[in-house]
Amino acid sequence: MKAFLMHEGQDFDLQRELPRNAEALTQDLELSTLFNAMAAGDAFLLDMVKRAVLSSLHEPDAIRYRQDILTDCLQRPAVIRDLYSLAVEAIQGEKKIWIGSLSRSPDLVLHRGVDVLQMLVGMLKRLRHIADEDGPQFRSEGFTRFFEMLVKELSDEYLLTVEDHLRQLRFRGGVLESAELGRGNKGTNYILRKPHKKPSWLDWISGNRPLSYTYRIPERDENGARALGELRERGINLVANALAQSTDHILSFFTMLRSELAFYVGCLNLHERLAGKGEPTCLPEPLPSDRRTLSLRGLYDVSLSLNMSDTRVVGNDVDADDKSLLMATGANQGGKSTFLRSVGLGQLMMQCGMFVPAESFRANVCAGVFTHFKREEDVTMRSGKLDEELSRMSDIADQLAPNSIVLFNESFAATNEREGSQIARQIIRALLETHVQVVFVTHQYDLAHSLHAKKMDDALFLRAERQADGRRTFKLLPGEPLPTSFGEDLYRRILSYSA
Amino acid sequence: MPFRSMLFDRPEDGRRVDERQEPGFFADLNLDQVVESITAGRNGYNLKPFFYTPLSSVDAVRYRHEVLRDLQGEALAGYIRTFAERMRTMRERLAQADKLRYRYQREAWFLDAVETYGDAVDRLAQDLSGAEISSRGLAAFRDYLTGYAGSDRLKSLRAETGKLKADLAAIRYNLHIKGDRIRVSNYESEADYSAEVEETFEKFKQGAVKDYRAKFPAWADMNHVEAAVLDMVAKLHPDVFLALDDYRGRHDKYINKIVADFDREVQFYLAYLEYTARFTNKGLTFCFPEVSDRSKDIHARDTFDLALANKLVDGKSGRSPVVCNDFHLRDPERLFVVSGPNQGGKTTFARTFGQLHHLASLGLLVPGRDAKLFLFDQLFTHFEKEEDATNLRGKLEDDLTRIHDILTRATPNSVVIMNEAFTSTTLDDAVFLGEKILGQLIELDLLGVCVTFVDELSRLGPSTVSMVSTVEPDDPAVRTYKVVRRPADGLSYAATIAEKYGLTYERLRERIAS
């Protein structure tokens, strides 16, 4: 029995290590804000949503499998939250049942196994009840299969069999086991046996019953009693093990159910936050990785929005289908970095099956999302800083596959403009030729201008918009790079007060 | 020739070998350590006395060389190891049988021991029949074993043993435990209940699980409840257990003496070959020395001190790899006089020389690429005793007493190894005593090594050969442990240091001139 709510026919992998770029992505895209909104203060949810968001899917079908389930969730949030708390209750219920001393004899393992199983059977019955009541309303392939499985596997007949075992495992009629003579004629290979029907009274009288001999432990023979206990435990050893392992299996079913539902509960939490602010969300349209597509309306930076209590944030529209290079230039603090982050966030959220913070979003899936952001906190020497940037770039290069996307934010500006743009040009050229998508934000005119001058078909240039009065709209529009940055604006705004 | 021993072509040579004590020179040559390593893990065979017993004839040495050559073949050595393993198991089972309290248990362990013995003999006989054997020792043993394995006596023993084992193994019984009583009956094909429970919950299986099975103590003996159960099982199967009772009494003395002796003696070879493998694995070599009891022309190439090498190849100490040395004596040369810088391998060289001769006298391979050695009648060592440096006069007296003892017992066919005698006397005394004693050794015409700081001793005549320990030419602080045949000028060491610091005559001239 498997929940399979994160992948079709596959468990959510809780052991897999996060990709190497997870830390950089979290830092550059301010993912912790997103994660915290999804977790809503629950440490387990936090752990699961991190894992889900950072472990991207790479097939449009796999993404749609989750999108469908998410649609069901958004329509019946109460059922999802019920299922989730049932799983939590089962897991916590087991922890409450006394484990006993460290040295666990088969007797103790058996007794505890029976108690835990009794509790779990109760949980399975409740699960079955939800499947009966609410299952039929669910439409997604994932949930339909899940509920059908519950109805089939947890049939009334099956639950009766389980309860019958629970009774037999108390061994009120004694323990029957078979054995053989091992080395030195010591008993070995003890196997617990299911007794045949008792001999009838007729057999009894006619003496037609198996030959047997009986030994009784004398009273006060404590060693004898212990030895007898050991013989008995040799017999029940395997069944105690089977029972304890079975309860572990049922528990791991609930654990997996909880882990997989956690992602959707996180989505519900985030959705409620955004809907409360009136921010739009949409289910994105994922396309195969080799079909360069980026078409979006009203894409905003979800982390930025979550940080602002009730103001909505500015969204951007971009039509960059068939473009491999997207370069944004223009005024400092004109919204370039925000835009860059919103692209990265949108891409990551799409690739884990979530909704996207936009009115619409259509993009090809990427083999990997990478960020190379200027790190403000590094106030080391100039050369040291360029070193550090290049070493991170080399790290990224180790991980790159065709159809990945790299987001650059003011990269390679730690040296003079000529050198910096020279480095950047060579890197960009190499990436494009190896089919890696590039989004580059820069205030360096030399770099932007030289690339613009090449008139590449697959490049799109955006510019931070400035109105006639010098104020910024924080919107980006197509436009060629302009020779000056807007530092003069800043200078005027910040220093004119003191002037 | 009927087979008697794997170690001695003339059985009388091996008489009373077990009464042998460790020879006096063992500790000086570190042969005690060597033999300890060789025999480690084989205590049950009591092999040490064999290593204390040098052979006295060239043919006895050859007899062992032949066996060693055969056993260098991996297949043959493997057969014998398998056999030894079984014999060991057999002895463990016999010992176990003696330790136990309940009759049916003792009898079962005894039965197992006999079965193992029968298997060991039969298998070895089969293996040897197809093996390539050239040595007199192994060929004679094979003939003996083939006859023994095919004898009616052994065959019927094995058949009876096998039948009884099978009868016991076929018994399957039921225990029904309730409260304080236990009922024993025959097994009636009742279903496996654990499997049924497991199957019920199969559908929840999610991958790797914890093992909750308890581990029960695996003692060989039984408690009285198990014994009571076994007695009841015996009552259910009276015929089988009657046969078991009868078996023990009839087969008490089943082990053949010649097979048992072979099992012990062949370990002498296997132990040594295994020991040499740890060196050959590291690129060092061993060879069969040419052994003579007449010619005193001797030599060895790329040889080394086994005790020291054993520490180095152990990997525990991170020291330099093993340094190999060459030596040779050609008529009328008889004595090596070793001098040179301290810690440069002089003592190691002396020990190597002694070890090589002793190992050769045991009929074994020796460290080195190519060797010719002398089959001595006695081996003497005189190594400086460090402990009582307080009483110089007493020490000198003691030294001289010991040397006197050696000189009176030594013959022209002996080997004498002296290491740093007279270090605590004056130089004049040391030169005087050294010359006197060496003179007597020369007189005796015996083979030997003398390690000394008095390099005059290396020039006493045509029978002495000077060997010098050396250092790294570029860095005198690094010792090479190489000991080379070279006149002792007392200068080479100083010259190297001078070169390094630019203070040789020529260099100093140039520097002052410029």
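I looked up the contact between the two chains first: 57 residues of chain B are in contact with 61 residues of chain A (C-beta atoms, placed from the backbone, within 7 Å). The model is predicted; local features need pLDDT of at least 70 and side-chain atom pairs pLDDT 80 or more, while totals for chains, interfaces and linings use all residues. Residues are numbered from 1 along each chain as its sequence is written, and chains are lettered from A and ligands numbered from 1 in the order in which they are written.

I then listed the elements on the chain B side. Those giving two or more residues include α6 (103-129), α8 (152-169) and α10 (224-236) of chain B (DSSP runs numbered from the N terminus: helices H or I, at least four residues; strands E, at least two). α10(B) gives the largest share, nine residues. By class I noted 29 nonpolar, ten polar and 18 charged residues on this side (nonpolar: Ala, Val, Leu, Ile, Met, Phe, Trp, Tyr, Cys, Pro; charged: Asp, Glu, Lys, Arg; polar: the others, Gly among them).

Next I traced the sheet. It is open, with six strands in the order β3(A)-β2(B)-β1(B)-β1(A)-β2(A)-β3(B), paired antiparallel (a pair needs at least two DSSP bridges). β1(A), residues 175-181, and β1(B) share six bridges; there A:Leu176 has B:His176 as its bridge partner.

I checked the edges: β3 (212-216) of chain A and β3 of chain B each pair on one side only. β3(A) pairs with β2(B) over five bridges, and A:Arg216 stands opposite B:Arg181. α10(B) packs on the sheet, touching β2 (187-194) and β3 of chain A and β1 and β2 of chain B. Its direction makes about 30° with that of β2(B) (axes fitted to C-alpha atoms, for helices over the stretch in contact; angles from 0 to 180 degrees between N-to-C directions).
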